[in-house]
Amino acid sequence: MMAISLRSRWAFLPLVLALGAVTLYFLRLSIGHEAQPFLEAPKPPDAPKGPVYKDIHREIVPPLPEYFPLAAKASSPADLPPVPSWNRPPKEHVPEATRLYIGFTRFWPLLQQAVVSYIAAGWPPEDIYVVENTGTMDANRRGLLTIQNPFYLDYHRLTALLGVNVVTTPSLQTFAQLQNFYLFEAINNNLTHYFWSHMDVAVHSHEDKQPFRSLYMNAVDVVRETQKPDYLVDESGHKKEWGIQFFAYDWLSLVNVKTFADLGGWDTMVGYYGTDCDMYARLSMNDYAQPVQDAGMIYDVTNSLEDLEVLYRRRPKKQEARDTRDRKAGSYNSTIPSPNKAYLESTEEDEKGGEGFKKLTATLEQIQQDKRDDKYRNSWQLRQNGGEGEPYYYDPDGFEKALQMTIEVGTKINEEKWGHRGCDIGAVGLKEGDQWRVEHDSTFD
């Protein structure tokens, strides 16, 4: 038998090691498969078969009261109180255009109060244009929404009784888009200027000032002033153009159509808060004047007066005067079958600037203060949460949340546009043309 040398034995070592490694691999693989059932992680619980709903407890809001009972009973404009004699506009319209836009989205009582207060302060109803910005198409015109729906407005009362106009936007618009809609309407109607007002205001004339001018006629005087050849002409003969006239900031404003059009209108990328800062700053940067005027008392309010009849400034008639008036042939409204005839015949015009005026002023000042004291100054927008099942219904809580998100995005856009946080855009050295071109300033630190 041939003897195997030591060198030959070492030659087989790699083969032996390789066979051992293969054997060990398959042995471990076999053991792993047998033990796997004991190593598996526990199965997760079955996922829900549908969406998981939020735990929502919506507060039941009490039904809105009727804030203008006389209008609720009226069948024609003759059933409403007359405008106070000292506020009545001229029988023939003034030569100047005095169109007034009032935008509306939510909470009918405040819109109604704004409209009635402007009419009672002498503004011709035919010059008032309510811009219905509810996103409900023709639902209000057809009377398809109920009063608990946030987007409800009484189309019939506005047009047939109060005599104002209603223009409906094709879809829900932001504040900036609504401003450009006013501008668009003015351009299409060949207007050189127009007024606009917030819907959450109440107004009345300065009854206690002499010489007296109604709120409306004071506004007309401002229009006439802007049309004088020497308006805003300085000592050197340079004439400065104006952009907007403020009456209590922009709660009531007079807009120069050409100026706003030349600046490209409002920035619709900044939909709500901050868009006024942007617009008015750009006016200043382009050297357009923004005078402050005084037409009358204008209140920023959060609620409605309990009865809008007080805006017409009437009081119970004295017995002697009532008897004398009733005996006269053709006494006030005596031949009209009015559901409000008893009220109209038993009241008379109050004293201009008297106790009734003082009481009205004090009440509106308190309502304004209530708004200032409210942590959420626009809480009036949340006082209706009905309308489910009605045309174009939108969940009220969802609408408010989406609105706040949209406001936040618009604010951030304006900050990025100017590289600055805050409304003092023009006061920090920024100028026209700097939009979207500057780095963040220290307000971002």
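In strand S3, Asn165 is the bridge partner of Tyr129. The model is predicted, so that local features need pLDDT of at least 70 and side-chain atom pairs count only at pLDDT 80 or more, while totals for chains, interfaces and linings use all residues. Residues are numbered from 1 along each chain as its sequence is written, and side-chain values use heavy atoms, with hydrogens and water left out. Helices (H or I, at least four residues) and strands (E, at least two) are DSSP runs, numbered from the N terminus.

Strand S2 (residues 128-132) pairs with strand S3 (residues 165-168) in the parallel sense, over four bridges; pairing requires that DSSP finds at least two bridges between the strands. Together with helix H5 (residues 155-161), S2 and S3 make a right-handed β-α-β unit. A crossover is right-handed if the path from the first strand over the helix to the second runs clockwise when the strands point away from the viewer.

The largest nonpolar core contains 66 residues, of which Leu111, Tyr118 and Leu158 touch the most other members. Such a core is a set of buried Ala, Val, Leu, Ile, Met, Phe, Trp, Tyr and Cys residues joined through side-chain atoms within 4.5 Å. Buried means under 20% relative accessible area, exposed over 50%, and partly exposed in between (1.4 Å probe, protein chains only). Helix H4 (residues 108-120) gives the most to this core, with nine residues. Leu111 touches Ile102, Phe104, Val130, Leu153, Leu158 and Met199, residues up to four places away in sequence not being counted; contact means heavy atoms within 4.5 Å. Another core, of 24 residues, lies apart from the largest one and includes Tyr101, Val167, Leu178 and Tyr194.

Helix H9 (residues 275-285) is mostly covered, with nine of its eleven residues buried. Among these are Asp276, Cys277, Tyr280 and Arg282. The buried residues of H9 pack against helix H6 (175-188), strand S4 (193-197), strand S6 (244-247), helix H8 (257-262) and helix H13 (396-418). Asp287, which follows H9, has a positive phi, near 65°.

The structure holds one disulfide, defined as a pair of cysteine sulfur atoms within 2.5 Å. This disulfide is formed by Cys277 and Cys423, whose sulfur atoms are 1.9 Å apart. The pair links distant parts of the chain, 146 residues apart, with Cys277 in helix H9 and Cys423 in the segment after H13. The disulfide is left-handed because the torsion about the S-S bond is about -105°. Cys277 is buried, with a relative accessible area of 11%, whereas Cys423 is partly exposed, at 44%.
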